[in-house]
Amino acid sequence: MPAAALLMLLITALAAQPPSVAPGPRQPARAAASPEHPPVAAGDGAACTSCHVEVTAARVMHGPVAAGNCSTCHVVGISDGRRRVTLKGGGSSRDTTKLCVTCHEEIADRLKQQHRHAPVAAGHCTACHDPHGSAFRFQLPAEGNGACVTCHQDIGEALARPHVHAPAAASCQICHDPHAGAHPSQLRARGNTVCLACHFDAPVNGKVIDAGSLFGRHRADSVDQLVASASRILLDASLVSGHPTIGHPVDARQDPKRKGQMLGCTSCHNPHGSVGAKLLRFGATGVSSLCIRCHGR
């Protein structure tokens, strides 16, 4: 076959091939649709737990679960043409708070305050509470402070130091509201006021604030003993100076070591734990090594 004819045959064959496609970014596989919930004759008790046996296995169960009232929170209905289990009250996996506060009205009232615990503010009550049950009170993931330090690891580290603030070791809830409050960090009162409720050496019939009323909402069993055993300090009548020496400021001034914050008890003392006695900050093991932080040359 002449070369020209062979060349034409080759060109014709190549033209008949499908065009090549340059490789592009790999497309993610489409997630398989979740299966439909099977039909249920009723929306409570055995109709649910005959399949969801794990729900009733916890030591401490959510009230509706313990009563067999699954329909308090859940409803089986049609969504997007498929049978689904959904939450009542406008709740969803992205915002369970809407459902929770329909029963827990006292929490709803507190959530109107300025400073809210981040998981609650984001609608994630289930970050701290299992909605069905757990081995611990309030369906928490651990007992007492263990639930808090799961996320607040820096506080857990402070509580493991040689010198620990007794109320912090007893219960985070003595000083903090776990849901919301009017003060930063959900403190039960403004900064120094929380400290002075226990540590102020008040004159006869004089108090900054009554410790019983301040800490009474979620009191640890030993809170009375903690208040009684707290060390006391003297301040002048304005409550802004007088510790650790006469005239030394403890309030109403800018903190020289924490930009943008006011001077306060926590400027010098870690309210959770420290390596030095008296809960001194900055790794100080004595007053001199603390004072030099601000008063050194």
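Visitor: What makes Arg-293 count as lying over the face of Phe-282?
Guide: In this predicted model, Arg-293 lies at 4.3 Å from the ring centre of Phe-282. The criterion asks for CZ of Arg within 6 Å of the ring centre and within 35 degrees of the ring normal, so Arg-293 is placed over the face of that ring.

Visitor: How many aromatic pairs does a search of the whole structure find?
Guide: The search returns zero aromatic pairs; a pair would need ring centres within 6.5 Å.

Visitor: Why is the contact between Glu-143 and Arg-137 called a salt bridge?
Guide: The N to O distance between their side chains is 3.0 Å, and the limit for a side-chain nitrogen of Lys or Arg and a carboxyl oxygen of Asp or Glu is 4 Å, so the pair qualifies. Glu-143 counts as partly exposed because its relative accessibility is 37%, whereas Arg-137, at 52%, counts as exposed because the threshold for that class is over 50%.

Visitor: What does the salt bridge of Asp-251 and Arg-190 tie together?
Guide: The side chains of Asp-251 and Arg-190 meet at 2.8 Å, N to O. Asp-251 lies in the loop between α12 and α13, and Arg-190 in the loop between β7 (180-181) and α10, so the bridge ties together parts that are 61 residues apart in sequence.

Visitor: Are Asp-251 and Arg-190 buried or partly exposed?
Guide: Asp-251 has a relative accessible area of 10%, which is under 20%, and is therefore buried.

Visitor: Which other residues take part in salt bridges?
Guide: Arg-258 and Asp-255 meet at 2.8 Å, N to O, and Asp-255 counts as buried because its relative accessibility is 7%. Salt bridges with shared partners also join Arg-110, Asp-177 and Arg-188 into one network. The search of the whole structure finds six salt bridges.

Visitor: Why is Gln-114 called exposed?
Guide: Its relative accessibility is 66%, and exposed means over 50%, so Gln-114 belongs to that class. Gln-114 lies in the loop between α5 (105-110) and β4 (115-116). From Gln-114 to Gly-181 the C-alpha to C-alpha distance is 6.6 Å, although 67 residues separate them in sequence.

Visitor: Which residues of helix α10 are buried, and what do they pack against?
Guide: In α10 (residues 191-199), the buried residues are Asn-192, Thr-193, Val-194, Leu-196, Ala-197 and Cys-198. These residues pack against α11 (211-215), α12 (223-229) and α13 (265-268).

Visitor: What can be said of the chain as a whole?
Guide: There are 14 helices and eight strands, and buried residues make up 27% of the 297 residues. Of the contacts with a separation of 6 or more, 50% involve residues 24 or more positions apart. The accessible surface comes to about 19300 Å², with 59% of that area belonging to carbon and sulfur atoms.

Key. Residues are numbered from 1 along each chain as its sequence is written. This is a predicted model: local features need pLDDT of at least 70, side-chain atom pairs count only at pLDDT 80 or more; totals for chains, interfaces and linings use all residues. Side-chain values use heavy atoms; hydrogens and water are left out. Buried means under 20% relative accessible area, exposed over 50%, partly exposed in between (1.4 Å probe, protein chains only). Helices (H or I, at least four residues) and strands (E, at least two) are DSSP runs, numbered from the N terminus. Rings of Phe, Tyr and Trp (its six-membered ring) pair if their centres lie within 6.5 Å; planes under 30 degrees apart count as stacked, over 60 as edge-to-face and the rest as tilted. Contact means heavy atoms within 4.5 Å. Accessible areas come from the Shrake-Rupley method with a 1.4 Å probe; for residues, only the protein chains shown count as cover.
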